[in-house]
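User: I would like to go through the terms used for this model one at a time, setting each value against its definition.

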Amino acid sequence: GRVSLPLNPDGYLDFTPSIGARATFYQAHGRPEGRYADRYLYDFKAESAATFVRVYASDGNGTDMLRHTIRPKLSYTYIPEAVQTDLPAFDAIDNIAATSAFTYSLNNTLTGRHEQEGRQIYTDRLYLDISQTYDYNEATSKLTAPTDKRRPFSDVTLELRLQPTERTGITGKGLYNVYERWFTSYDTSLSVADERGDSLTVTH
């Protein structure tokens, strides 16, 4: 179960602390530790986000208004360390690692408005999301060998969606390794559609 308390103190800042609890029960035959086992864990999360909006007039490409939305977000997750060596191992849920991590992200959306057949149509012309996680446990971990290195920063996750016209779209997703200074994975796609609704998508 989970209990949360959403707060909106000034109308711009959203703050949501929450606490969750889980209980796992096992029944397995042939275990030296016994037939039954259990585990109880709790976790704490806190999320904070702000939303900033600005509207611009536009007369380009049939768009009469552009709305720019910026949403920075910061979250923290804490899971205490628990002894789990005596539990049966069926899948990843059977070993939940201790966690103390901050995740920060920045979201940008550019929404255009145009009129079509007497109706106002809103379209996200641009969507850009950037996020990364900082692992406090990794940053404070004990090094056991001279060649060991702490790497508390996760890959930077990037997602981009562009829709320059009503019938064209471009998307891109990638993971950027800040230590190797290189993309560990990425994919891009281009889609084009005609008035009849037929579409072509090319992915790389």
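User: Why is N8 called partly exposed?

Analyst: N8 has a relative accessible area of 42%, and since buried means under 20%, exposed over 50% and partly exposed in between (1.4 Å probe, protein chains only), N8 is therefore classed as partly exposed. This is a predicted model, in which local features need pLDDT of at least 70, side-chain atom pairs count only at pLDDT 80 or more, and totals for chains, interfaces and linings use all residues. Residues are numbered from 1 along each chain as its sequence is written, and side-chain values use heavy atoms, with hydrogens and water left out.

User: Where is N8 found, and what does it touch?

Analyst: N8 is found in the loop between β1 (2-4) and β2 (13-27), where helices (H or I, at least four residues) and strands (E, at least two) are DSSP runs numbered from the N terminus. Not counting residues up to four places away in sequence, N8 touches L13 and D14, contact meaning heavy atoms within 4.5 Å.

User: What makes the approach of N8 to D14 a polar contact?

Analyst: The side chains of N8 and D14 make a polar contact at 2.7 Å, and the term requires a pair of N or O atoms within 3.5 Å; within protein, one must be able to donate a hydrogen and the other to accept it, and residues adjacent in sequence count only if both atoms are side-chain atoms. The side chain of N8 also reaches the backbone oxygen of L13, at 2.9 Å.

User: How do you know that β1 and β2 pair?

Analyst: Two strands pair if DSSP finds at least two bridges between them, and β1 and β2 are joined in the antiparallel sense over three bridges. One of the residues involved is V3, whose bridge partner in β2 is I19. Strand β2 is also joined to β3 (residues 36-50), again antiparallel, by 15 bridges, and A21 stands opposite Y42 in β3.

User: Why is the pair of Y76 and F102 called tilted?

Analyst: Rings of Phe, Tyr and Trp (its six-membered ring) pair if their centres lie within 6.5 Å, and planes under 30 degrees apart count as stacked, over 60 as edge-to-face and the rest as tilted. By this rule the count comes to four aromatic pairs. In one of them, the ring centres of Y76 and F102 are 4.7 Å apart and the planes stand at 40 degrees, so the pair is tilted. Y76 belongs to strand β5 (residues 65-79) and F102 to strand β6 (residues 99-116), so that the pair links distant parts of the chain, 26 residues apart.

User: What makes Y134 and F153 a tilted pair, and how accessible are these residues?

Analyst: The ring centres of Y134 and F153 are 5.1 Å apart with 55 degrees between the planes, and the pair is tilted. Because Y134 lies in strand β7 (residues 119-135) and F153 in the loop between α1 (136-139) and β8 (156-165), the pair ties together parts that are 19 residues apart in sequence. Both are partly exposed, Y134 with a relative accessible area of 23% and F153 at 36%.

User: How do you know that the charged end of R161 sits over the ring of Y127?

Analyst: The charged end of R161 is 4.1 Å from the centre of the Y127 ring and sits over that ring, a term that asks for NZ of Lys or CZ of Arg within 6 Å of the ring centre and within 35 degrees of the ring normal.
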